[in-house]
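Please have a look at the sequence and the model first.

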Amino acid sequence: MKQRLLGALCALALAAPAFTTQAEAEAGRVSDDVIRIVVMNDQSSAYSDTSGKGSVVAAQLAIEDHNKIAAGKPVELISVDHQLKVDVALAHARKLIDQDRVDAFMDLANSGVSLAIQQLARENDKIAIHVGSAHADLYGKACSPNGALWLYDSYSLAKGLAKALLDKDHDRWFLLTADYAFGHAMQEDMSRTLLENGGKIVGAVRAPIATTDYSSYLMQAMGQDANVLALLNAGADTTNSIKQAAEFGVAARGVKLAVPIFTVINAHGIGPELAQGAVFLAGYYWDADDESRAFAKRYAERMGRPPAHTQAAVYSAVSHYLKAIDAAGSDDAKTVMAKMRELPINDFMTKNGRLREDGRVIRDMLLLEVKAPSEVKSEWDLAKVIRTVPGDEMIRPLDEGGCDLVKK
């Protein structure tokens, strides 16, 4: 009898680890009893207006709306300026992982930085959520089980804008492209979409990054009988090309400006006199509905202006991350990411969004048009919503990106 009892106890002891492995123990608690989130982006250079400190404020609002706790533990926010330099970003990130034991990186707002941090986060079992970065490889060849692309990418912006604007009055396109990888990818995706849907490409030209004089390129565009001029560039290049297009009277000739990388902050900086009629896609616009206006009011109390859609999306990403930690009862990266995929994404800018297995958030976008000066009623009343573009119409299909996480 004693031998049988001893044998049974031994069997239970051998079976116990199956229910209390180290991995499961880690997955059921919060490391260090603190959840640490890093907002890393450009806070001193070309993209500081559309990411920068404004993204930090958006993250703060999300944490405060969560009562500064998740899974019963306090949430801490760390802010880092990567200065648009990959080596600077990696140096900060390694220190934050090794010494500060951070859990997640948010925003990043630069494709080179995003690709580097995605790999580092994967190696160290941390989470990386990309907001202001547009490199489609982040959910393609460089995808990660710990990574998510939250807002837009070059493929979806090019395809979405082409499909949304293409009609009988906007069917002859001229493409003015930034001459580097980002611009080349945008041109390829936009060209394919236009041709597949009955549009025509009447001409294309590539301009070096940091071009200051676009006159020769604009003369080529105006000589091709285009009714749409697509500016496939970003930052100061977009600003300069829009200003010079206005000087050339592009809009006055009935040519529509299509600008994939653009925000209400850019429109404010350029002014409606020069930017009027330009169309772009955004995940959020401050005056789109009551919920959007309510968030913009709270945000403006701290920043003095409404957020760009990139900054609003940082709130969305941080909020969903904290909801997933609550649901999981843990900050373990793989456990939290599983919950982030399981839970629908719902907030003031996202309705029933979802996170795919390749790390891409499927969300709708707004097609916006910059108002004419006569339509503007206040300083930030700069755009109007033309329509909503469904995410499934513009985001790259799951089986086309080359992500090794996708089941064949």
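Lysine 68 is exposed, at a relative accessible area of 51%; exposed here means over 50%, buried under 20% and partly exposed in between, using a 1.4 Å probe and protein chains only. This lysine 68 sits in the loop between helix H3 (52–65) and S2, where helices (H or I, at least four residues) and strands (E, at least two) are DSSP runs numbered from the N terminus. The model is a predicted one: local features need pLDDT of at least 70 and side-chain atom pairs count only at pLDDT 80 or more, while totals for chains, interfaces and linings use all residues. Residues are numbered from 1 along each chain as its sequence is written, and side-chain values use heavy atoms, leaving out hydrogens and water.

Lysine 68 has a phi near 60°, a positive value in a residue other than glycine. Aspartate 225 also has a positive phi, near 55°, and is found in the loop between helix H8 (215–222) and strand S9 (228–232). The table sets out the two residues.

| Residue | Phi | Relative accessible area |
|---|---|---|
| Lysine 68 | near 60° | 51% |
| Aspartate 225 | near 55° | 53% |

**The sheet**

In what order do the six strands of the open sheet lie? The order is S2-S3-S1-S4-S5-S6, with mixed pairing; two strands pair if DSSP finds at least two bridges between them. Strand S2 (69–70) and S6 stand at the edges with a single partner strand each, so one side of each has no neighbour in the sheet. S2 pairs with strand S3 (residues 73–81) in the antiparallel sense over two bridges, and alanine 70 has lysine 73 in S3 as its bridge partner.

Seven of the seven residues of S1 are buried. Ile35, Ile37, Val39 and Asn41 point one way from S1, while Arg36, Val38 and Met40 point the other way.

Helix H14 (residues 333–342) has Ala333, Val336, Met337 and Met340 as its buried residues. Seen down the axis of H14, these fall within an arc of 100°, so they line one face of the helix; the arc is that of the directions from the helix axis to the C-beta atoms. Their cover includes strand S5 (127–130), strand S6 (147–149), helix H13 (309–328) and strand S13 (350–355).

**A pocket**

The second largest pocket holds about 300 Å³ of space. A pocket is an open set of points on a 1 Å grid over the protein atoms alone, with protein on both sides within 12 Å along at least five of seven lines, and lining residues have an atom within 4 Å of a point. The volume is the space filled by probe spheres set on the points, which are joined across faces, edges and corners. Of the 21 lining residues, Met349, Thr350, Lys351, Asp364 and Thr388 lie nearest the centre. S13 gives the largest share of this lining, five residues, and strand S15 (365–370) supplies at least two.

Conventions:
Contact means heavy atoms within 4.5 Å. On a 1 Å grid over the protein atoms alone, a cavity is a set of points where a 1.4 Å probe fits but cannot get out, and a pocket is an open set with protein on both sides within 12 Å along at least five of seven lines; lining residues have an atom within 4 Å of a point.
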